[in-house]
Amino acid sequence: IVEMRLRQLTGMEKDSGFKNKWAKAAWDTVTAPSKTLRLGATVLNTAFGTANLTRDTFHSAITSEGGQVPVASTALGVYKLLSGKDSAKLFRGMGGESSMFMSSSLEKQYEQMARALAAEGFGQKLNAAMHNPITTAINTIAEIVSVPEMGPRVQEFDLVVRKAMEAGLSEDAASQLALASAKDVSLDFGKAGKVMRRLNQLMPYTNAWYRGLEQVARKMGVLDALPTEFEERKDVRFRRTVGRGLLWITLPAVATALAKMATSDDEERRAIFKKTPREKWDFDDSLGVRLAQPFEFGALFSAIPKAMVYESYGDKGAVKEALWHGIETNLLRYKDAGDFTRGVAAISPFIDIALNEKWDKAPLVSPHIRDNMPKKDWKDYSTTKVAELVGEKMDWAPAYIDHIANTYTGGMWKRFLSPAADNSVMTMTGLSTFRPRPTSRRDVQEFYEFSENARRNYNGGDIGLDDLGKLKRAEKLKDELSDDFKE
């Protein structure tokens, strides 16, 4: 099986597919930012792997053909992977890693299959590390970061092999079926046609977005089942998926949200209500930790039920906001030409600059700073010294320089150069992703808007921070009083 798969990969094109060298050079240049963005955002980002610990384990429990249980199944898969169990070796040897996000390129699949065939010993690995230390370091980090994503896949492979053999299939047939199930248990990122592969080179995560929607529609019984899925009936798949979603996502999400609301005072609740949808509808931080939820299934089974809890405690419009956020981020990601163009990694930071907003709608530079300060002072606490120096020489906004560099490096630029970067053990290991976000990204912008309104109301007079603080406390007191008192 391994030799057959390697021959298939060897025959595939490993370049851009352009015969003209100038066209190929142009394409490689335009798509280079996508490659560096992925490298920084996933391969060299330990937080990506740790966030996937909860995201993939709950996602896999919903989609599993073998009947996975969150946390326990993932832990078993990770154990089999790290201890070198036969099922994990077979999964990797058959090309299972080609389904993973970090391995979706043909070149990466070829490398992994070649390694599986060669079965490098310690001496060979040491020799490779000495000759290619940078590549070796990147591959080592990638192996570590990919462990949480591999865990559910290895366990699914093992479960389905046994289930298929109990149903009467031969070991070879059962292994092929299990491989397909294991690839699909979170998302099969390696599945892409020629057009989608090309599009994904321009627009990172496009294939992941499409595969996520396709899988949800299939598991909910909207689309036909794959030939490798055990259950073909749409109504049965719908009931199974809804039941698992309610059990594994809705129940813990609503329970923790209710616990958080019941143990919080009015001020703490208002702080939660003010957070952005992405911050608000992760699994709740009632226990002092923040757990990332699955993307599509999280929007379906967590966001709206939690919004109903928040709205019952006074967060007006929370359900409507959750519903629209789910539709906008999952179904309408590329709803118009502007969104589609903004998805192209090579030009997206320049579109952000023109609009003065990040992908999450937060401003790159506060309008108050932009309207009242010279360009060299368009910065904040996280601006790098390099951007400040370049901005002063070029008379350009340091915040914009940082944004371009940070986008092209998938966050690595600020992760290592920003004075606000947290280089603690928690951050370097990625464990910081479990820490609750203490404030919303809206806070700074709201402060500037409040101060601007105050200055406008006081005829442009000079208002200090102490005065602003008093005004803010007065407004808060006014909001807490009865309607009659407000009048």
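In this predicted model, the largest nonpolar core holds 17 residues, and those that touch the most other members are Leu-81, Phe-91, Met-150, Val-154, Phe-157, Ala-178 and Leu-179. Two or more residues of this core come from each of helix H4 (72-82), helix H5 (86-93), helix H9 (147-166) and H10. The greatest contribution is that of H9, which supplies seven residues. In general, nonpolar side chains tend to be buried together in soluble globular proteins. When neighbours within four places in sequence are left aside, Ala-178 is in contact with Phe-157, Val-160 and Val-161. Another core lies apart from this one; it has 12 residues, including Ala-257, Met-261, Ile-272 and Ala-322.

Ser-186 is located in the loop that runs between helix H10 (171-184) and helix H11 (194-202). The relative accessible area of Ser-186 is 4%, so this residue is buried, the limit for that class being under 20%. Residues up to four places away in sequence not being counted, Ser-186 touches Asp-56, His-59, Ser-60, Thr-63, Arg-153 and Gln-215.

Phe-238 belongs to helix H13, which spans residues 234-262. Phe-238 counts as partly exposed because its relative accessibility is 41%, a class that lies between under 20% for buried and over 50% for exposed. Apart from neighbours within four places in sequence, the contacts of Phe-238 are with Lys-219 and Met-220. Phe-238 and Arg-218 are separated by 20 residues in sequence, and their C-alpha atoms are 8.9 Å apart in space.

Technical notes:
Residues are numbered from 1 along each chain as its sequence is written. This is a predicted model: local features need pLDDT of at least 70, side-chain atom pairs count only at pLDDT 80 or more; totals for chains, interfaces and linings use all residues. Side-chain values use heavy atoms; hydrogens and water are left out. Helices (H or I, at least four residues) and strands (E, at least two) are DSSP runs, numbered from the N terminus. Buried means under 20% relative accessible area, exposed over 50%, partly exposed in between (1.4 Å probe, protein chains only). Contact means heavy atoms within 4.5 Å. A nonpolar core is a set of buried Ala, Val, Leu, Ile, Met, Phe, Trp, Tyr and Cys residues joined through side-chain atoms within 4.5 Å.
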